[in-house]
Amino acid sequence: MKVSDVANPRQTVLVTSRDEIESRFSPEKKTKDNIFTLSWHTQVSHEPELYAISSGKERFSTKLIRKSKVFVVNFMPLKLKKEVLFCGTHSGEHIDKFEETGLEKEEADKVDCARIKQACGYLECKVVNEIEAGDHIIFIGEVINSKLNNKEKRIFQKKGEDFTTTR
Ligand SMILES: Cc1cc2nc3c(=O)[nH]c(=O)nc-3n(C[C@H](O)[C@H](O)[C@H](O)COP(=O)(O)O)c2cc1C
């Protein structure tokens, strides 16, 4: 039996991160925003408020978060299941997941990163620690800014592509 067979359902979130692309040919810095789907995340401290996410070593997002040292955790409604699944099954290395899914971008208030407009709530985080855990990296972020936008039914992962919500 796998851990997920025992531990799930777990709330599934979308984590946003930003890449700054430097070019030798242009003084202007270009940015690329990415989104990935994540079920392994939790608060780990009250004071300061710290939030941990577990990100696969090979993920494009891991590279971006390592570089930028910030990320946003976006809590998503069940009704956006298709978009959540898309972001969890496609790498952002060669595509723009905002464009592909139609999820709307807004600028985070306190960190240099995008947020998702349709999120039920969000946590804007600055990375304060990084821990290697098997094939994943645990990023511990200090929560710099947070907001609950609405009380829509959230998305929880049961197994694979099977999702549920609360009553
Ligand atoms: C429901 C669901 C939950 C997932 N949870 C995690 C997770 O907790 N950690 C992780 O590293 N990847 C998780 N993934 C896989 C990544 O979202 C997936 O590899 C994604 O394509 C990575 O995108 P990126 O390469 O643009 O960063 C999950 C995927 C799905 C569909």
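**View 1. The largest pocket of this predicted model holds about 750 Å³ of space.** A pocket here is an open set of points on a 1 Å grid over the protein atoms alone, where a 1.4 Å probe fits, with protein on both sides within 12 Å along at least five of seven lines; lining residues have an atom within 4 Å of a point. Its volume is the space filled by probe spheres set on the points, which are joined across faces, edges and corners. Look for Thr37, Leu38, Ser39, Arg59 and Gly88, the closest to the pocket centre of the 34 lining residues. Strand E3 gives the largest share of this lining, four residues.

**View 2. The second largest pocket has a volume of about 160 Å³.** You will find Arg18, Asp19, Glu20 and Glu22 among its lining residues, along with Leu64, Lys67 and Asp112. Strand E2 (13-21) and helix H2 each give two or more residues to this lining.

**View 3. Three strands form an open sheet in the order E1-E11-E12, with antiparallel pairing.** Strands are DSSP runs (E, at least two residues), as are helices (H or I, at least four), numbered from the N terminus; two strands pair if DSSP finds at least two bridges between them. E1 (10-11) and E12 (162-164) stand at the edges with a single partner strand each, so one side of each lacks a neighbour in the sheet. Three bridges join E11 (residues 156-159) to E12, and Lys159 has Asp162 as its bridge partner in E12.

**Notes.** Residues are numbered from 1 along each chain as its sequence is written. In this predicted model, local features need pLDDT of at least 70, and side-chain atom pairs count only at pLDDT 80 or more, while totals for chains, interfaces and linings use all residues; side-chain values use heavy atoms, leaving out hydrogens and water.
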